[in-house]
Amino acid sequence: MINMACITVPSTCMENAGFKKGMFCGSQTLQKIAEQLQFLTPPRVNTMEVEHFDDNTSDEFCLVNWRKKRAAVLICLFEGNEGELRVILTKRSMKLSSHPGDVALPGGKMEEGDVDDSATALREAMEEIGLDPHLVQVVANLEPFISQHQLKVVPVVGLLARVEDFKPVLNTDEVDTLFDVPLEMFLKEENHRWEEKEWMGWNYSLHLFDFESEKGVFLIWGLTASILIEAASVIYQRPPCFEHHLRDFQQLQKALNNNSIA
């Protein structure tokens with residue numbers, strides 16, 4: 001493991017939009033990412049945004065409804081033994097009623113006490129895998145993704161400068177396995193395949209990645225794969241090598257939303 005200085009922890013309130021050079025202490029690779037992502041400014045919604053359904057609907061009701069439809073996941077990056085960027089993933093518990101056994105990023109739905117999306121992602125990571133929020137520097141939010149259940153999912157990028165200080169404690173009701181993969185694999189043809197799927201009468205491309213390690217064989221697909229393709233494209237500043245034979249689910253959603261607005 002490369003020697004890395006200790007991390008300086010900001011608040012979890014996404015004050016990172018004002019990130020300044022030198023604010024993050026870590027390897028040169030992680031510092032470069034932190035500086036690069038400070039210029040990433042996707043649309044951000046604070047917790048006081050509400051949806052107004054009609055004049056008789058209270059703001060309190062709208063705020064609760066808005067929160068119920070929002071979630072966040074943590075893209076926790078660290079530097080591997082060979083200097084490569086790696087991302088932490090989980091295999092969901094077989095005890096769960098939804099998506100049991102699927103590979104996922106740590107994360108979940110926003111709760112009342114969460115001040116923003118980064119707070120949601122960090123809280124969920126602590127609950128699921130025992131990742132201390134003070135070890136993670138949140139540096140950016142990516143564009144929100146829409147799940148097939150119409151949940152808005154915000155990817156939160158966090159940097160783990162001292163991975164050796166992370167002592168995983170798995171919540172076995174939610175997580176069966178914790179593992180990590182190289183982020184760059186989500187831009188490569190190797191281990192990638194796609195399937196044609198249909199949603200509401202529209203065809204789209206579903207991305208799947210196969211990964212094998214000493215911890216087992218894993219299939220990374222669906223929303224998690226789409227988020228990691230986007231994250232890798234943003235961080236490495238290049239598109240994936242594989243062709244999109246069809247729109248993926250997120251592109252399809254955006255196209256349908258744009259058509260409905262038009």
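Of the 262 residues in the protein chain, 47% are buried, where buried means under 20% relative accessible area, exposed means over 50% and partly exposed lies in between (1.4 Å probe, protein chains only). The model is predicted, so local features need pLDDT of at least 70 and side-chain atom pairs count only at pLDDT 80 or more, while totals for chains, interfaces and linings use all residues. Residues are numbered from 1 along each chain as its sequence is written, and side-chain values use heavy atoms, with hydrogens and water left out.

**Exercise 1. The chain as a whole**

State how many helices and strands the protein chain has, and what share of its contacts joins residues at least 24 apart.

Solution. Step one is the count: the protein chain has five helices and eleven strands. Helices (H or I, at least four residues) and strands (E, at least two) are DSSP runs, numbered from the N terminus. Step two is the contacts, a contact being heavy atoms within 4.5 Å. Among those between residues at least 6 apart in sequence, 64% join residues at least 24 apart.

**Exercise 2. Helix α3**

Solution. Next comes cover: eleven of the 13 residues of α3 are buried, among them D117, L122, R123 and I129. Just after α3, G130 has a positive phi of about 75 degrees.

**Exercise 3. The sheet of β9, β10 and β11**

Give the strand order of this sheet, name its edge strands and describe the helix that packs on it.

Solution. Two strands pair if DSSP finds at least two bridges between them. Strands of a sheet pair through backbone hydrogen bonds, either parallel or antiparallel. Here three strands form an open sheet in the order β9-β10-β11, with antiparallel pairing. Strands β9 and β11 (216-221) are the edges, each pairing on one side only. From one strand to the next the twist averages 30 degrees.

Now take the β9 and β10 pair, which is joined by eight bridges. W194 has H207 in β10 as its bridge partner, and E198 stands opposite N203 in β10. β9 and β10 form a hairpin with two residues between them, and M200 in the turn has a positive phi of about 55 degrees.

Last, helix α4 (residues 222-236) packs on the sheet and touches β10 and β11; the direction of α4 makes about 80 degrees with that of β11. Axes are lines fitted to C-alpha atoms, for helices over the stretch in contact, and angles run from 0 to 180 degrees between N-to-C directions.

**Exercise 4. Aromatic pairs**

Classify the ring pairs F179 with F211 and F186 with F209.

Solution. Rings of Phe, Tyr and Trp (its six-membered ring) pair if their centres lie within 6.5 Å; planes under 30 degrees apart count as stacked, over 60 as edge-to-face and the rest as tilted. The whole structure holds four aromatic pairs. In one of them, the ring centres of F179 and F211 are 6.2 Å apart and the planes stand at 20 degrees, so this pair is stacked. F179 lies in strand β8 (residues 175-182) and F211 in strand β10 (residues 202-213), 32 residues apart. F179 is buried because its relative accessibility is 3%, and F211 is buried at 13%.

For F186 and F209, the centres are 4.9 Å apart and the planes at 70 degrees, so the pair is edge-to-face. F186 sits in the loop between β8 and β9 (192-199), F209 in strand β10, 23 residues apart. F186 is buried at 0% relative accessibility, and F209 is buried at 0% as well. Ring pairs also link F179, F211 and F218 into a cluster.
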